[in-house]
Amino acid sequence: MSLKRALIHHQYTFFFPMQMPIGGKLARAEEKIAEQLAALPLTRTPDVEDRQIGLERVIGHIQETGTLSGLSRKDLKRMPWFLFEDLGDGRTLADDPGVLRQWGEWLDANPGSGTVSALVHNVLLNHPQDGQLAFWKKLIEKHLARSRQPNLVVWKQRCERFHLLDPDGPQRLAETLYRGEATYYEFCQAAGLSGDLARNGFVRKGLDRLLVMMGRYADSNGLQTEQLQSLLNGFRDQQGRFLQIVSGFTTRLAEVLLRPFQDREAETRLRNLLRDFLIKNLGDPRTHPAAWHAVDPKARQVIMQWLVGRPARIDDKLWMFVQEANKQMVGLENDLYQLKHRLDATPLNVLHQSIQRLNAIMGVAEFFNLFEVIQLCQAMEAILIPFRDKTVPMDLPLIDALIVQHGRLQDAIRDVPGYVFHSS
């Protein structure tokens with residue numbers, strides 16, 4: 001087994017020196033080890049059945065003795081997995097001040113890095129109410145400050161930088177996403193929130209607050225179309241695919257996006273953006289009614305009205321161009337989001353592929369004299385070619401500009417002569 005694989009699978013009962021001498025291969029090795037450690041899961045989740053048996057044993061002991069004294073070391077080390085489990089009546093062990101005090105004292109006397117890691121994981125996974133959160137924040141920060149274990153050092157930095165243990169942390173996350181300072185994907189990556197941590201607790205609260213903030217997105221002082229597009233596209237992964245976020249989030253987001261237009265018309269570009277985003281996420285409500293079942297009927301009626309009708313008075317050959325162009329546009333959009341998330345690590349073939357897609361659109365657009373489409377393609381190509389030739393470094397603002405141009409190109413394709421949708 002290689003040293004790298006051994007380190008990844010090791011339980012880290014030893015300490016890495018925090019300051020290694022800088023120089024040549026050693027410096028690069030230190031940097032590589034830090035990357036590997038930062039990418040590791042926070043902790044390993046016990047088997048569900050084993051966890052339930054342990055929880056029942058702990059509950060029985062507490063009911064019989066009224067104390068944690070007498071529990072095995074194994075059970076005490078696994079208390080982070082038991083503390084927030086529903087006991088069947090809406091209560092948890094974490095609701096008992098006596099249990100919290102006794103276990104906190106035990107942890108002070110037995111500050112194992114694995115136990116602290118499990119505690120951080122479960123607090124972020126459940127993110128208790130403010131009263132309890134203050135207790136856990138104080139306890140966790142004390143142990144993170146003392147620890148030299150590399151994984152915990154990384155989590156100390158993340159908790160401070162992203163306010164993961166603060167009562168207003170979820171609100172800060174919502175404001176970060178709303179203002180476009182980071183995407184959902186970028187935030188979760190930087191904060192180390194992967195797997196169940198990216199769908200529950202802290203993140204779920206943050207997304208709840210984001211939906212509240214978005215309630216007024218379509219007002220005059222709300223979000224510009226470009227800002228909304230950037231916010232929505234922030235829920236894509238590195239391959240440009242929309243992420244499966246927390247349960248029920250997409251349904252609630254659909255209602256928030258459609259509600260403003262129950263009694264007024266949407267501007268064409270905004271309507272097209274919302275329609276495409278929702279269909280990609282939930283499917284066409286006419287062909288995927290089950291996916292839209294939980295959406296408020298009034299909101300569902302809005303998108304149904306947007307989808308009624310077919311292209312009228314359009315030349316067959318021109319319609320074939322529109323269909324082909326739309327296929328290329330989907331692939332191009334995915335390519336652009338790969339560029340955005342991977343930057344210098346983007347495979348060269350993605351750049352070649354993006355340019356080829358633009359050339360395919362331009363070739364047919366020239367036949368129909370679609371000058372606006374041609375100009376937009378040329379403008380995007382003028383940015384991509386220097387990236388491909390490495391005469392200009394990959395740059396996030398330029399990639400964001402490409403994504404905005406992609407939206408304009410999509411509008412230009414929909415606006416070709418005769419491509420008119422009518423609603424009943």
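Q: Helices are DSSP runs of H or I with at least four residues, strands are runs of E with at least two, and both are numbered from the N terminus. Where does Asp415 lie?

A: Asp415 is in the segment that follows helix 20 (396-414). This is a predicted model, where local features need pLDDT of at least 70 and side-chain atom pairs count only at pLDDT 80 or more, while totals for chains, interfaces and linings use all residues. Residues are numbered from 1 along each chain as its sequence is written, and side-chain values use heavy atoms, leaving out hydrogens and water.

Q: Is Asp415 buried or exposed?

A: Exposed, at 55% relative accessibility. The cut-offs for relative accessible area are under 20% for buried and over 50% for exposed, with partly exposed in between (1.4 Å probe, protein chains only).

Q: How accessible are Phe135 and Trp136?

A: Phe135 is partly exposed at 32%, whereas Trp136 is buried at 0%.

Q: What about Phe162 and Phe187?

A: Also an edge-to-face pair, 5.1 Å centre to centre with 70° between the planes. Phe162 belongs to helix 9 (residues 150-162) and Phe187 to helix 11 (residues 184-191), so the pair ties together parts 25 residues apart in sequence. Both Phe162 and Phe187 are buried.

Q: Which residues form the aromatic cluster?

A: Phe84, Trp103, Trp106, Phe135 and Trp136.

Q: OK, the largest nonpolar core: which residues touch the most other members?

A: Trp103, Trp136 and Leu193, out of 85 residues. A nonpolar core here is a set of buried Ala, Val, Leu, Ile, Met, Phe, Trp, Tyr and Cys residues joined through side-chain atoms within 4.5 Å. Helix 7 (residues 113-126) gives this core its largest share, seven residues. Apart from this core there is another, of 32 residues, including Cys377 and Phe387.

Q: What does Trp103 touch?

A: Leaving aside residues up to four places away in sequence, its contacts (heavy atoms within 4.5 Å) include Leu68, Met79, Leu119 and Trp136.

Terms used:
Phe/Tyr/Trp six-rings, centres within 6.5 Å; stacked < 30°, edge-to-face > 60°.
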